[in-house]
Amino acid sequence: MKWLGLRRLLERPDPQEPGPRVFRAEAFGGIVQLAKPRALVFVDRDRARFLGYDGDRRWNGAETALGERPLSAPLEAHLQLTNRCGASCSGCYTAATPQGAAGEWGPGDWKRAIDALAEMGVFHLALGGGESAALPWLGEIAAHARSRGMIPNLTTSGLDGIGELLDIVHLFGQVNVSIDGVGPIYATVRGFDGFARADEAIRLLREKKREIGLNTVVTRHNFDHLADIFRYARWRRLSEIELLRFKPSGRGVGSYPELACTSEQHLALWPTLKRLLRRNPYRVRLDCSFTPMIACHDVDAGQMAQLAVYGCTGGDFLVAARATGTLTACSFAAPPLGKPRVDQIAEYWTQEDAFGPFREWRRAREPCTSCTYHPLCRGGCRVVSSHVLGDPALPDPECPRVVAHAKRVTLPLLR
Ligand code: SF4
Ligand code: SF4
């Protein structure tokens with residue numbers, strides 16, 4: 001992006017108006033937040049100065065490269081506001097139940113946590129559950145996040161609390177509804193037929209707001225039906241599709257052998273998406289754990305960096321908190337030693353051993369050590385390594401390069 005273009009994009013109609021944070025200084029330069037297109041852009045110090053920003057104490061030392069050390073704070077925090085949910089999806093990543101977890105936090109606790117995250121300079125909150133749309137205080141939390149300069153986004157199943165959500169939907173940046181398949185395919189992934197209800201929720205939400213999208217967990221049962229998801233999103237005029245890899249956490253541990261994509265599907269993901277996008281140009285986001293499935297196709301690493309296609313950045317670019325306030329590196333990861341709370345994040349963030357294996361990605365093993373994409377991918381999904389190999393520090397066993405390395409064969413690249 002040309003610098004002048006970036007400066008124009010950053011201009012606010014009324015700079016006195018309160019709004020989301022637009023800049024955060026980092027040792028490498030800083031991060032600027034664009035409203036249109038919605039993006040966080042990493043800039044070096046020269047570019048930050050050109051845009052009129054000052055790094056203050058963060059620029060006192062020498063300029064470092066992005067990734068050389070953790071960011072000064074996460075870019076986003078995923079807050080699981082409750083573990084209550086009546087849907088009982090067979091692969092629920094957090095094993096949510098109608099009763100929820102013992103010791104769940106209330107609105108006062110979450111506001112305190114949001115204050116702590118705001119003090120650190122976090123840009124976005126991803127609010128989820130359980131089913132957070134059913135919480136009577138969800139609007140209070142979203143409004144509090146806004147008042148602290150953060151953009152709250154929401155993920156909902158669309159199965160509960162939609163009437164109340166319609167009244168507060170304007171408070172969110174983006175609302176995504178979980179749809180893992182269109183029509184009967186929904187039930188093959190979730191274990192019950194909730195498509196019609198989720199579809200109705202999407203219809204109602206879309207009448208009120210443009211930024212409504214889909215969250216789709218890609219499994220071996222819906223992989224061949226992704227074209228239907230793209231067609232559905234276009235038909236409902238949705239703003240984005242976020243595709244997530246199935247993770248072995250919560251009830252997903254038990255259903256992992258049945259639902260996780262096959263090696264062939266992992267290898268075919270990128271060519272499949274390119275084909276679908278040629279037919280149906282769309283804003284598609286891939287979750288961090290899919291990065292090895294892109295990198296294995298020799299995609300230009302510079303372009304990936306420009307588009308911020310990073311892999312396992314838990315405990316660095318992102319953090320999460322359980323319904324009880326326990327801080328984790330990401331929504332799927334086990335709590336770190338000592339079980340810090342999310343409102344203690346500032347103190348924990350700078351500890352030498354914070355987030356254990358997540359921050360130790362530079363101590364890679366082969367084939368990650370010699371992989372061009374390692375600075376971006378960081379060794380793949382720690383949650384999958386932990387579940388499949390019993391050690392989160394090992395390379396992601398489902399990365400096609402790792403699979404090929406294990407078999408000692410040359411990876412057949414699909415282009
Ligand atoms: S372990 Fe890493 S790659 Fe896997 S979901 Fe968490 S942050 Fe993403
Ligand atoms: S070999 Fe390692 S670093 Fe390279 S893409 Fe695979 S998991 Fe990522």
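These legends describe close-up views of a predicted model. Residues are numbered from 1 along each chain as its sequence is written, and chains are lettered from A and ligands numbered from 1 in the order in which they are written. Because the model is predicted, local features need pLDDT of at least 70 and side-chain atom pairs count only at pLDDT 80 or more, while totals for chains, interfaces and linings use all residues.

**View 1. Domain 1 and domain 2 of the protein.** The domain assignment gives domain 1 (3-59) and domain 2 (76-356); such bounds come from an automatic or database assignment. The centres of the two domains, taken over C-alpha atoms, are separated by 26 Å. Five residues of domain 1 are in contact with five residues of domain 2, where contact means that the C-beta atoms, placed from the backbone, lie within 7 Å. On the side of domain 1 that touches domain 2 there are two nonpolar, one polar and two charged residues. In these classes Ala, Val, Leu, Ile, Met, Phe, Trp, Tyr, Cys and Pro count as nonpolar, Asp, Glu, Lys and Arg as charged, and the others, Gly among them, as polar.

**View 2. The open sheet of three strands.** The strand order is β1-β2-β3, with antiparallel pairing. Strands (E, at least two residues) and helices (H or I, at least four) are DSSP runs, numbered from the N terminus, and two strands pair if DSSP finds at least two bridges between them. β1 (23-26) and β3 (39-44) are the edge strands, each pairing on one side only. From one strand to the next the twist averages 20°; axes are lines fitted to C-alpha atoms, for helices over the stretch in contact, and angles run from 0 to 180 degrees between N-to-C directions. Four bridges join β1 to β2 (residues 29-34) in the antiparallel sense, and glutamate 26 stands opposite glycine 29 in β2.

**View 3. The open sheet of nine strands.** Here the order is β10-β9-β8-β7-β6-β5-β4-β11-β12, and the pairing is mixed. At the edges are β10 (284-286) and β12 (327-328), each of which pairs on one side only. β8 (residues 212-218) and β9 (residues 241-245) pair in the parallel sense over five bridges, with arginine 245 in β9 as the bridge partner of valine 218. Helix α7 (residues 195-208) packs on the sheet and touches β7 (175-178) and β8; the direction of α7 makes about 165° with that of β7.

**View 4. Strand β4 and its pairing with β5.** Five of the five residues of β4 (residues 76-80) are buried, so β4 is largely enclosed by the rest of the structure. A residue is buried if 20 or more other C-beta atoms, placed from the backbone, lie within 10 Å of its own, exposed if 12 or fewer do, and partly exposed in between. Glu76, His78 and Gln80 point one way from β4, and Ala77 and Leu79 point the other way. The pairing of β4 with β5 (residues 124-128) is parallel over five bridges, and alanine 77 stands opposite leucine 125 in β5.

**View 5. The surroundings of ligand 1.** The shell consists of Cys288, Ser289, Gly311, Cys312, Gly314, Cys330, Phe332, Ala333, Cys381, Arg382 and Val383. A residue is near a molecule if its C-beta atom, placed from the backbone, lies within 6 Å of it. By class, the shell has seven nonpolar, three polar and one charged residues.

**View 6. The surroundings of ligand 2.** Ligand 2 is surrounded by 16 residues, of which Cys368, Cys371, Cys377, Gly380 and Cys399 are the closest. Two or more residues of the shell come from each of α11 (291-295), α15 (374-377) and α17 (400-407). The shell has 10 nonpolar, four polar and two charged residues.

**View 7. Backbone at Gly130, Pro367, Ala95 and Phe355.** Most residues other than glycine have a negative phi, and most peptide bonds are trans. A cis peptide bond joins glycine 129 and glycine 130, with omega about 15°; glycine 130 lies in the loop between β5 and α4. Glutamate 366 and proline 367 are also joined by a cis peptide bond, with omega about 5°. Alanine 95 has a positive phi near 50° and counts as partly exposed, with 17 C-beta neighbours inside 10 Å. Phenylalanine 355 has a positive phi of about 60° and is buried, with 24 other C-beta atoms within 10 Å.

Methods
Two residues are in contact if their C-beta atoms, placed from the backbone, lie within 7 Å.
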